[in-house]
Structures are given as structure tokens and as C-alpha cells.
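Hi everyone, thanks for making the time. I'd like to walk you through a structure I've been looking at, so let me put it on the screen.

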Amino acid sequence: MAPEALISTIASMLTGAGHGGVVTEFVALPAGGNNRVYRVRAGGVDFAAKHYFHEHAGERDRLRGEYAFLEHAGRCGIEGVPRPVAANAPARLALYEFIAGRRVYQADIDAKLVRTAAAFFAALNSAPSRTGAGDLPLAADACLSVAQHVRSVDVRIERLSRISTDDALAREAAAFVARLARFWSGAREPILRAAPDPEQPVVERCVSPSDFGFHNALIRPNGELCFLDFEYAGWDDPAKMAGDFFLHAGIRPSREHLEFFLEIALAAFDDAPTIVRRVRLLSAVFRARWACIALNEFLPEVVRRRAFAAGDSLAAERRMGQLAKARELLAERDL
């Protein structure tokens, strides 16, 4: 959609939502990996406009998932997220409260920040929140049994085994995928044997932000933390949330914060010890999955999303960085 058409659509959305419809500023923001984001000013107020990538029928509706999650958070009075303003599904556009702030760096991550993140997850999973979240979809790549966790890695490694080897960096990545497959071959069976019933669904599901971590957060000028990007959010295994938080391919907290994070984050669950045991059991799953996710940069469908969001000028640098992250994850110790 051309900028003029975007601005016109956004103005109509703002008018429909009861805001001044005259757009006086329209600025492209540094893009994420999947979508285009703009700062829009109308009536002296800033909004974030998000234009969602969409390629074919049947793929996840990222707009619907994110908007529904933020509407739910608003109804529950959960702070630390943007409020939703308006959505236009046919145009794949949504407007949100604009959050002024800076990204979180590794050096920022201390016990206070980790406690804030844990408290945010706990609020999302209070009894009233979970009771009222029945209409939320499953999270992207939701895993509701040990066997599903294992199969999710099987699928990702199989998909990566078919990446192109047209250039030297791709061949290097393919060689690493073979190494990752060998690691996973030795890890998967002990995990399945250790689970009393790998196919048994988890007893307690969580409302998951999905892809939860400080890579999807901003520090406001007043020092408060705000979490962003919930297009993959929904119901999932709380153990997966914890594994994602501590073994993400991007920035992640020190292991010294794991115990109190779990204590705070899982306080609302009836059987938190079982969830913690599953976090330990599935640690190799989380490492392998995030190593695979890091290598998604070599998949054609991901290349198309990146080109939509930000063009392709930094593709080679991004691929090198993601391959380095995958190697780091494979070298990590288990939780």
C-alpha cells in the first residue's frame, strides 16, 4: 500500500475511533522482522500504526492475535503494554498507543527488570485474566504436551535441512544444521523417556505473550518497562514461556535470576512445581528450538517477510549474526 493510501486509511481509522482524523506527521520507524511500523501524529497525539505482513490464506492472523491480546490486557487492567486504538483487517492495519522509549540492552537486565517481567506474566495469568481469556487463540507454535514440544523441534530441523546452499554463508549454515540435528538426535529420546506420558496435555495452560523477552520491550523515559509485539500471543504451556525467556536467541537474563523469576511468574498456578520440573526437562528443546528460529533467516519465506518489513540491504549481516546466535545457544548449558 502506497504511503498516501496508508495515511488516508489511518485518518479514517482515527476518525472512527473518536480521534482527530487529520494526520500531521507520518514517520517510518525502525522495522521489526515481520511488519512495517509508523509513528503517526493526529490532533497533537502520537499513535503507532502497524502494517502487518500477509502472504497467503491460512497463515496466522497476526493482526487479530495481537489486537485481541491487547484488548484482553486492557479489560484486565494490566499495565506495561500499549492500548489498542483501532483495527482495519482488510487493510492489515492496526493503531496502538505510541510508546516513547528506548530498547533494552543486555547491560540493562538486572534483578529489578526481571522481577518486573515476572510480575507482568503473573498478572496476565491471574485467575480473573485466565477466566476471561477463553476467546484468545492458541499461541503460535503452542506446545501443550512434552511430545508436542519435541515434535516442534523435529519439524523445524527438517525444514532447515532443505535450506539453499547457493553461497558460502548458506553452506556454513547448512553444516551447522547438520551438527544441530546430531545434537537433537541424542537429546530427544531421553526427554520422551523421562516424561511419564509424553502425549498427556499439560494440566495448566497460560496466557502467553509468546516470544516473551526484553527484545520485545522498551524502557520509557520515566524508567518503566513496556512490553510490545504480541502477534504470536495466546494459550500455551507456561514452561515454554520460561524457556523462551531465558534461552532466547537475542538478549536474555542471567541464569542467576531463574529461580525468583519462576517463583513470581508462576505464583498463580496451582501446581507450579510440576511446571518448573517441565522447564528443566525441556531445556534442550528450548535451546534447539531457538537455534532453529535464529536460522530462519536462511528460509525463503522469512526472507520475503524481512524484505516487506525493511528491505533486504542488511540480509547478509543479519544472517551472519543469527548463525552466531545459533552457535551460542547450542553451546549453552541446560537450565
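**Strands, rings and cavities**

Let's begin with an open sheet of three strands in the order β6-β8-β9, with antiparallel pairing. If you want a spot to look at, L218 has C226 in β9 as its bridge partner.

Before I go on, a word on what you are seeing: this is a predicted model, where local features need pLDDT of at least 70 and side-chain atom pairs count only at pLDDT 80 or more, while totals for chains, interfaces and linings use all residues. Residues are numbered from 1 along each chain as its sequence is written, and side-chain values use heavy atoms, with hydrogens and water left out.

Strand β1 (residues 23–28) pairs with strand β2 (residues 36–42) over five bridges, in the antiparallel sense. Here A28 has Y38 in β2 as its bridge partner. On to β2 and strand β3 (residues 45–51): they run antiparallel, joined by seven bridges. R36 is bridged to H51 in β3. The hairpin of β2 and β3 has two residues between the strands, and G43 there takes a positive phi near 60°.

How many aromatic pairs does the structure hold? There are 13, where rings of Phe, Tyr and Trp (its six-membered ring) pair if their centres lie within 6.5 Å, and planes under 30 degrees apart count as stacked, over 60 as edge-to-face and the rest as tilted. Take F120 and F212: their ring centres are 5.9 Å apart and the planes stand at 40°, so this pair is tilted. The pair links distant parts of the chain, 92 residues apart, with F120 in helix α3 (residues 111–124) and F212 in the loop between β7 (206–208) and β8 (217–219).

F246 lies in helix α7 and F261 in helix α8 (residues 258–265), so the pair ties together parts that are 15 residues apart in sequence. With a relative accessible area of 1%, F246 is buried, and F261 counts as buried at 0%.

R130 lies over the face of F269, 4.2 Å from the ring centre. R115 does this for F260, at 4.3 Å.

Last stop, the cavities. A cavity is a set of points, on a 1 Å grid over the protein atoms alone, where a 1.4 Å probe fits but cannot get out, and its lining residues have an atom within 4 Å of a point. Grid points are joined across faces, edges and corners, and a volume is the space filled by probe spheres set on the points.

The structure holds two cavities of 30 Å³ or more. The largest has a volume of about 40 Å³, and its lining includes F212, D236, D237 and K240. Which helix gives the most to that lining? Helix α7 (residues 238–246) does, with three residues. The lining divides into two nonpolar, two polar and five charged residues, where Ala, Val, Leu, Ile, Met, Phe, Trp, Tyr, Cys and Pro count as nonpolar, Asp, Glu, Lys and Arg as charged, and the others, Gly among them, as polar.

The second largest cavity has a volume of about 30 Å³. Among its lining residues are F212, F227 and N216, and the lining divides into five nonpolar, three polar and two charged.

That's my tour, and I'm happy to go back to any part of it.

How values were computed
On a 1 Å grid over the protein atoms alone, a cavity is a set of points where a 1.4 Å probe fits but cannot get out, and a pocket is an open set with protein on both sides within 12 Å along at least five of seven lines; lining residues have an atom within 4 Å of a point. Helices (H or I, at least four residues) and strands (E, at least two) are DSSP runs, numbered from the N terminus. Buried means under 20% relative accessible area, exposed over 50%, partly exposed in between (1.4 Å probe, protein chains only). A charge sits over a ring if NZ of Lys or CZ of Arg is within 6 Å of the ring centre and within 35 degrees of the ring normal. Two strands pair if DSSP finds at least two bridges between them.
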